[in-house]
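Colleague: I am new to this one. Please show me how to read it.

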Amino acid sequence: MSGATAPLVLEIATEDQMHTFGVRLGSLLIEGDLVSLNGPLGAGKTTLTRGIGEGLEAQGNVSSPTFLIARTHPTASGTPFHHIDAYRLSSPAELDDLDIDFARSISVIEWGKGFAEGLSESLLTIDIERDLETDLRTLSLQGQGRFANVAEFFGEH
Ligand SMILES: Nc1ncnc2c1ncn2[C@@H]1O[C@H](COP(=O)(O)OP(=O)(O)OP(=O)(O)O)[C@@H](O)[C@H]1O
Ligand SMILES: [Mg+2]
């Protein structure tokens, strides 16, 4: 991605830390922001999303939607929060069918790679690696739009 800086790498040792980072991130998100979460089963994508929902003061339970592809939560600011799980989607066209207005909402897509690109000018991609022995999660963050300089974004907030 042109203009993007090197990824910001964060080490997250526990589920609580993952949640807390999500709360911080959620409190920084604004209309038009899209977060793409990637990483294997159990990486912590939903844990992070639950924190983001708390940071947004989203109503309702943010959970791993087993049968739903997407769930929309009202938030304190009035901007809707869409939590999407692309695991069962086979093509971006299926995401199109959901008719989500990404410019007028805040969205998180679990398994976003291959789906999130091009949906919003303001995209934060978080890749999560999982160490099976230590539970340590290594997050690599990269973005475009207001997340292009991701280290500065998190450093200044
Ligand atoms: N450092 C950590 N960060 C996040 N979760 C952790 C950590 N260490 C252990 N865990 C555990 O890993 C699991 C993460 O589950 P979670 O549902 O958030 O993952 P997921 O990436 O959404 O998985 P899926 O792809 O199945 O939806 C939880 O059971 C949590 O307790
Ligand atoms: Mg999940």
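Colleague: Which element gives the largest share of the shell around ligand 1?

Modeller: Helix 2 does, with 3 residues. Helices (H or I, at least four residues) and strands (E, at least two) are DSSP runs, numbered from the N terminus. This is a predicted model: local features need pLDDT of at least 70, side-chain atom pairs count only at pLDDT 80 or more, and totals for chains, interfaces and linings use all residues. Residues are numbered from 1 along each chain as its sequence is written, while chains are lettered from A and ligands numbered from 1 in the order in which they are written.

Colleague: Which residues come nearest to ligand 1?

Modeller: A residue is near a molecule if its C-beta atom, placed from the backbone, lies within 6 Å of it. Here 17 residues are around ligand 1, and Met-18, Gly-44, Lys-45, Thr-46 and Thr-47 come nearest. Helix 1 and helix 2 are the elements that give two or more residues to this shell.

Colleague: How many residues of helix 2 are buried?

Modeller: Count C-beta atoms, placed from the backbone, within 10 Å of the residue's own: 20 or more others means buried, 12 or fewer exposed, in between partly exposed. In helix 2 (residues 45–55), 10 of 11 residues are buried. Among them are Leu-48 and Ile-52.

Colleague: Why does Thr-79 count as partly exposed?

Modeller: Because Thr-79 has 17 C-beta neighbours inside 10 Å. Thr-79 sits in the loop between strand 3 (70–73) and strand 4 (81–85).

Colleague: How far apart are Thr-79 and Ser-105?

Modeller: In sequence, 26 residues; in space, 5.5 Å, C-alpha to C-alpha.
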